[in-house]
Protein chains: 2
Amino acid sequence: MTKQRELILQILTHSDRHLTADEVFFLAKLQMPSIAMATVYNNLNAMTDAGFINRVHVDGSADCFEKGSDPHDHLRCTSCGKLANVSLPWLKDRLRQAVGTDISGYDLTIHYICPECRKKI
Amino acid sequence: MTKQRELILQILTHSDRHLTADEVFFLAKLQMPSIAMATVYNNLNAMTDAGFINRVHVDGSADCFEKGSDPHDHLRCTSCGKLANVSLPWLKDRLRQAVGTDISGYDLTIHYICPECRKKI
DNA sequence: TCTAAAAGTTAGAATAAATCTAAATTTATT
DNA sequence: AATAAATTTAGATTTATTCTAACTTTTAGA
């Protein structure tokens, strides 16, 4: 656990939003100006592989990262792009059932209009 | 409907697999050596927007395209990467229900080992 | 403690997917 | 046929991410 990795993990832990690698890099650079983009990616990848954090694939833009709590899926606002979490504990079993064979997992993003954007319209 | 667009549509119609823009470009170039990558993207985007074909987002690699039949989701083999279709007509309603608010759609990829890869292990 | 190996970091180059630009060509319209 | 509109082309550009190779730290053993 290097200083860099600790910093990156802290940034993710203290963020209330999902952050892109670029955003993590920007925030990290404020506290450690010498940090390199490659280090951010190295650590995000390493921590993702180790299961400490989650990578969220976002169609058409950069992946986001979050400190992983319990497993959950994502809602993405089609208006502002913001991500929100949603817990669907029944889904994996239901999909396994529907598919017939065993499944190792799935990747789901639900498209909706978030409450804030809904108000504005 | 230009010659280029017609060619691209035919390639997708006659393919039994999901094709990346790159693969479409390669196949198109065989029959029309002057065709440009930008044309392939222009047309794939235009036909996707018009609903003639479907774009499938693939985590960590290029998007794929297919001649769109009825709505369906995708299985992706974690071993060979190949995509397969699966129809889950109940899912959207079930998700809407779970989320509470209206949803405009969703993007789902189920991870599994395809029958061919399963045999090999 | 000294030293060698291993692991991690850095800057910058490289790659891949997709888009943009501006000129040229094709197609459609009067 | 002349003009406008749309499309295509080649190549440059952008964005996200990975790679490379030199340099630092850290770790562990003699």
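**Note on the domain and chain interfaces**

1. Between domain 1 of chain A and domain 2 of chain A, 3 residue pairs are in polar contact, both residues of each pair being at pLDDT 80 or more. By class, the side of domain 1 of chain A that touches domain 2 of chain A comprises 3 nonpolar, 2 polar and 2 charged residues. The model is a predicted one.

2. Domain 1 of chain A spans 3-67 and domain 2 spans 73-120. Their C-alpha centres are 22 Å apart. The contact joins 7 residues of domain 1 of chain A to 7 residues of domain 2 of chain A, and about 570 Å² is buried between these domains, with 55% given by carbon and sulfur atoms.

3. Between chain B and chain A, the buried area is about 2100 Å², of which carbon and sulfur atoms give 65%. In chain B, the residues losing the most area to chain A are B:Trp90, B:Asp107 and B:His111, together 23% of what that side buries. The contact involves 25 residues from chain B and 24 residues from chain A.

4. Chain B and chain A share 6 residue pairs in polar contact (both at pLDDT 80 or more), while the count of salt bridges between them is 0. On the side of chain B that touches chain A, α4 (91-99) and β6 (105-112) of chain B each supply at least two residues. β6(B) gives the most, with 8 residues. By class, this side of chain B has 12 nonpolar, 8 polar and 5 charged residues.

5. Strand β6 (residues 105-112) of chain A pairs with β6(B) in the antiparallel sense over 7 bridges. In β6(B), B:His111 stands opposite A:Gly105.

Conventions: Residues numbered from 1 in each chain as written. Chains lettered and ligands numbered in written order. Predicted model: local features only at pLDDT ≥ 70, side-chain atom pairs only at ≥ 80, totals over all residues. Heavy atoms only, no water. Domains from an automatic or database assignment. Contact = heavy atoms within 4.5 Å. Buried area = accessible area lost by both parts, 1.4 Å probe. Polar contact = N/O pair within 3.5 Å; in protein donor to acceptor, adjacent residues only side chain to side chain. Nonpolar A, V, L, I, M, F, W, Y, C, P; charged D, E, K, R; others polar. Salt bridge = Lys/Arg side-chain N within 4 Å of Asp/Glu carboxyl O. Helix = DSSP H or I, 4+ residues; strand = E, 2+ residues; numbered from the N terminus. Pairing = 2+ DSSP bridges.
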